[in-house]
Structures are given as C-alpha cells and as structure tokens.
Amino acid sequence: MKKTMNRIELFNKLIVLIQKYSIPYAIVGRTEEYPTNIGSDIDIVIPRNRISDFHRMIWEIEDENTKVVQMFQHEIVAFYYVVFHFDGNERIYIQPDVCTDYYRKGRLLLTADYLLQGYREATQGGFNVLSSEKEFIYYLLKKIDKRKLSKDQFGHIRYSYLENRDAAKTEASAFWMDDDSSIIFQSLDKNDYELMLSNLERLQEGIHSSHRKRMSDIVKDIYLKFSRIIKPTGFVIAVMGPDGSGKTTVMNQFKEDIEPAFRRIQQFHLFPIPQTGKEQVNENPHGKKKRGFILSFMKLIYFILIYTLGYLKLVAPKKIRSTLTIFDRYYDDILVDPIRYRNGTLPFVVKIFRLFIPKPELWFFLDCPTDVIQARKSEVSPEETERQRKTYLRLAETKKNSIILNTNRDVKEISIEACRCICDILNKRAIKRYKR
C-alpha cells in the first residue's frame with residue numbers, strides 16, 4: 001500500500017530543498033512545537049541576494065500530487081507561497097512566507113543580514129532559527145506593529161528576552177526611547193502581560209517615530225500595490241445545479257478544504273450584493289406567473305446593473321486582496337429555469353444580455369440522478385428536475401471553463417475533486433506569472 005505524505009514530511013521536503021540550494025535561512029516566530037505542530041504560516045528569513053534562488057527552488061517541491069498554487073507578494077521583499085498536496089480524499093498544505101529584509105507596511109525595520117547574525121539550529125533539530133535576541137526583537141516588533149498580542153505570544157517574547165536579557169535590551173534601544181523601553185522591560189521582567197497590552201498603541205508610535213519610511217521604499221510599495229491590481233490573486237467561481245443537487249452541502253465542505261489557498265472567502269447567492277442573513281428557502285420556485293416581455297426586459301437591464309456595480313464594489317477589490325468569491329447560482333440560471341425568475345423574454349434575449357455580465361473564472365455544475373435529487377428536495381416535479389438536469393449539462397458543454405461534479409457520493413470526495421480542479425488552474429496561473 002502506498003505510503004501517504006503528512007504535513008511534517010511536506011515541511012521537511014521544503015527544508016531539504018533550501019539546504020540543497022545552500023541558502024542561509026532561519027524560521028522565525030513560535031517554532032517550539034515544529035514540525036509536529038506547524039502554525040498557519042512558515043515564516044522564513046533569507047539573505048536578500050538569495051531570494052531569486054528561493055523563487056527557483058520552490059518549484060522543485062512539486063510532483064504529481066504536490067503543487068504550488070499561490071504566491072502573494074505582501075511586502076516589498078516578502079513572498080507568501082501556498083503549497084497543496086493531495087492524496088486520495090485528503091489534502092495537506094504548507095504556507096512558506098519568505099522574506100529578506102523585514103518590512104512592515106513599507107517601513108524597513110530590520111535587514112535580513114542583521115537578523116541572520118548568529119542564527120542556529122533549533123533545539124529539536126532539523127531546521128534553523130534566529131538567535132534569542134534577534135527572535136526577541138523580530139517578534140516583538142511584529143506584534144506591537146499589528147497591535148495584537150495574546151498571552152501565548154507574550155510568553156514567547158518573554159522566553160526569548162530571558163534567554164539573553166542584555167542583548168535583548170540593546171536590540172530594543174534601537175526602536176524605543178528610555179520611557180517606552182522601560183515599559184517593555186518592566187512587563188517582561190515582572191511577567192506583566194496587561195502592562196504591555198495596554199501600551200501597544202504607544203509602543204507602535206515609537207516604532208514609527210524611530211523608523212520612518214524612505215522615499216525609495218514608498219515608490220516600491222506603490223509599485224507593489226499596482227502589481228496586485230494587474231495580477232490579482234483572488235478567484236471567482238459559480239456553482240450551478242438543480243435544487244437538491246447538493247450545492248450548499250458541497251460548498252460548505254469545499255470552503256473548508258480550499259481555505260488555505262486564499263486570504264479570505266466570500267459567498268453570494270445569485271447576485272454580488274451583501275448578504276442580509278440566512279437565505280430564505282423558496283419552497284415553491286414556480287409558484288408565480290411569468291412577467292410580460294417589457295417588465296422582463298427591464299428586469300434583465302436591472303440584472304446587468306446589479307452584476308456590474310456589484311463586481312466593481314464587492315468582487316474586483318476583494319479579488320485583488322486574494323479572496324475566493326463563490327456564487328451559488330448565477331445569471332445563466334435564467335436560461336435553465338426561466339419560470340423561477342419569471343422571465344417572459346425569449347432565450348436569445350437572455351443570451352444577448354449575458355454578453356454584458358461579468359464572467360466567473362470557473363463554473364462547477366453539480367449533477368446526480370433525478371431520483372436522488374427528488375429524495376432531497378421535491379419542490380418541482382420529477383419531470384421538471386430531469387429537464388433542468390439535462391439543460392444544466394448542455395449549458396456546461398458550452399463553457400470551456402466548466403467542471404461537472406457527480407454529487408451522488410461522499411461529500412468529502414466531491415470537495416477534494418473540486419479543490420484539485422481549482423488548484424490545477426491556480427498552479428498554471430502561478431507558473432505563468434512567477435516561475436523563473
């Protein structure tokens with residue numbers, strides 16, 4: 001029986017590759033439980049002159065079931081990769097976040113060469129970490145500038161501080177005046193979490209006062225933002241299928257499985273408009289008569305306005321911010337079930353209006369036998385369900401970027417198939433944009 005890969009092995013594969021390229025590195029942050037318990041990101045510092053080597057190296061992690069699916073550049077010299085590995089109905093992932101110099105919001109705080117001075121092998125072995133005083137200042141700056149600090153994070157800062165108190169105090173003096181430094185030292189010496197927590201805003205101002213943005217970094221930061229606009233890392237999908245085909249169940253599982261590949265996930269029902277709460281179930285979708293031609297024509301114009309404005313306001317900006325947008329049903333649903341939408345125009349009119357509707361990047365069409373759908377939901381007749389099924393399948397055949405998912409099986413299996421499909425597309429996009 002083939003041995004499956006776990007997250008520890010995927011992490012070790014990454015470390016072996018870094019060592020193969022002889023790249024000096026250190027993993028920063030809370031690594032006490034690595035590699036058994038890896039956090040959401042694997043924060044790695046490397047020298048600035050080796051970042052090109054890392055960009056070449058990361059692609060060697062790929063094999064038949066392992067793919068680089070995303071790369072987000074979130075600071076001037078910080079690159080966040082997402083690697084997925086699929087094995088049967090399971091998926092694992094790692095998220096290497098590699099940086100050279102340490103920037104926060106375009107402000108240079110620490111250079112990579114400085115951070116890597118005295119880096120060492122971790123106590124548990126197998127990978128490198130920063131020296132205690134460098135780990136102290138790095139993690140302290142990170143949490144103060146985010147103004148988010150949990151008790152566990154405070155404990156990690158204090159542990160690094162106590163390992164080499166004198167060196168840690170020297171590090172802090174480069175960022176804070178005596179009054180502010182005394183707050184930090186007092187809170188750590190007395191193990192007073194609340195003291196540091198209550199002074200985060202003051203301490204953040206100290207960072208910004210001591211390390212102002214350089215004009216060259218401001219220009220680079222503007223360029224980075226422009227690059228995000230022209231190469232957005234989000235994605236838009238639409239999920240289609242008759243009532244009872246499993247859209248809600250499948251998408252709930254899919255969102256959980258695909259979540260690490262994106263910064264955020266948002267979902268809409270039919271239109272890109274804010275959700276007002278729990279969706280009301282239409283128990284009689286064919287209960288109202290069709291509108292006349294004029295009213296239906298005006299309604300289609302209204303649909304164009306909703307989709308256009310909704311995309312501009314809610315979809316496009318989030319796509320730039322690495323958001324997966326999921327539509328449960330889409331405009332094309334009118335072609336399948338005009339009675340539900342009370343559409344009194346002819347299909348060719350709906351198709352003409354469709355030319356002005358923004359398009360998803362991927363369509364999922366959910367399908368299963370009519371009797372299974374009827375057992376789940378029987379709001380329309382079996383004959384109508386069968387008609388809708390066939391119409392959805394014909395619609396899927398007209399779209400090059402469509403995937404038909406058989407939902408008459410375990411939901412986890414369906415979800416992983418959907419994840420594989422979208423990850424293949426993301427991988428091809430990442431290769432085109434970033435592989436050197």
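**Exercises on burial, salt bridges, cavities and backbone geometry**

Met 57 lies in helix 2, which spans residues 51-57; helices (H or I, at least four residues) and strands (E, at least two) are DSSP runs numbered from the N terminus. The structure is a predicted model, in which local features need pLDDT of at least 70 and side-chain atom pairs count only at pLDDT 80 or more, whereas totals for chains, interfaces and linings use all residues. Residues are numbered from 1 along each chain as its sequence is written, and side-chain values use heavy atoms, with hydrogens and water left out.

**Exercise 1. Find how many salt bridges are present, and describe the pairs Arg 50 with Asp 53, Arg 340 with Asp 337, and Glu 413 with Arg 409.**

Step 1. Side chains of opposite charge can pair when their charged atoms come close. The criterion for a salt bridge is a side-chain nitrogen of Lys or Arg within 4 Å of a carboxyl oxygen of Asp or Glu.
Step 2. The count by this rule is 28 salt bridges.
Step 3. In the pair of Arg 50 and Asp 53, the closest N and O atoms are 2.5 Å apart, and both residues are buried.
Step 4. Arg 340 bridges to Asp 337 with the closest N and O atoms 3.4 Å apart. Arg 340 is buried because its relative accessibility is 19%, and Asp 337 is buried because its relative accessible area is 2%.
Step 5. Glu 413 and Arg 409 meet at 3.3 Å, N to O. Glu 413 counts as partly exposed at 31% relative accessibility, and Arg 409 counts as partly exposed at 24%.
Step 6. Arg 340 and Asp 337 also belong to a network of salt bridges that links them with Asp 243, Lys 247, Arg 329 and Asp 333.

**Exercise 2. Identify how many cavities of 30 Å³ or more exist, and which residues line the largest.**

Step 1. On a 1 Å grid over the protein atoms alone, a cavity is a set of points where a 1.4 Å probe fits but cannot get out, and lining residues have an atom within 4 Å of a point. Grid points are joined across faces, edges and corners, and a volume is the space filled by probe spheres set on the points.
Step 2. There are two cavities of 30 Å³ or more.
Step 3. The largest cavity holds about 60 Å³ of space.
Step 4. Its lining consists of Pro 242, Asp 243, Pro 285, Arg 340, Lys 377, Glu 379, Val 380, Thr 385 and Gln 388. Asp 243 and Arg 340 are also among the members of the salt-bridge network.

**Exercise 3. Locate the nonpolar surface patch that includes Met 298, and characterise Leu 309.**

Step 1. Patches are made of residues with over 30% relative accessible area and no salt bridge; like charges are joined within 9 Å, and nonpolar side chains (Val, Leu, Ile, Met, Phe, Trp, Tyr) within 5 Å. Accessible areas come from the Shrake-Rupley method with a 1.4 Å probe, and for residues only the protein chains shown count as cover.
Step 2. Phe 293, Ile 294, Leu 295, Phe 297, Met 298, Ile 301, Leu 305, Leu 309 and Leu 312 form the patch, with about 920 Å² of accessible area together.
Step 3. Met 298 is placed in helix 12, residues 293-320, and Leu 309 lies in helix 12.
Step 4. Leu 309 is exposed because its relative accessible area is 55%. Its C-alpha atom is separated by 8.4 Å from that of Pro 272, 37 residues apart along the chain.

**Exercise 4. Describe the backbone at Pro 35, Arg 147 and Leu 270.**

Step 1. The peptide bond from Tyr 34 to Pro 35 is cis, with omega near -10°; Pro 35 is in the loop between strand 1 (26-27) and strand 2 (42-45).
Step 2. Arg 147 has phi near 55°, a positive value in a residue other than glycine. Arg 147 occupies the loop between helix 4 (132-146) and helix 5 (151-163), and counts as partly exposed at 41% relative accessibility.
Step 3. Leu 270 has a positive phi near 70° and sits in the loop between strand 12 (264-269) and helix 12. At 8% relative accessibility, Leu 270 counts as buried.

Note on methods: Buried means under 20% relative accessible area, exposed over 50%, partly exposed in between (1.4 Å probe, protein chains only). On a 1 Å grid over the protein atoms alone, a cavity is a set of points where a 1.4 Å probe fits but cannot get out, and a pocket is an open set with protein on both sides within 12 Å along at least five of seven lines; lining residues have an atom within 4 Å of a point.
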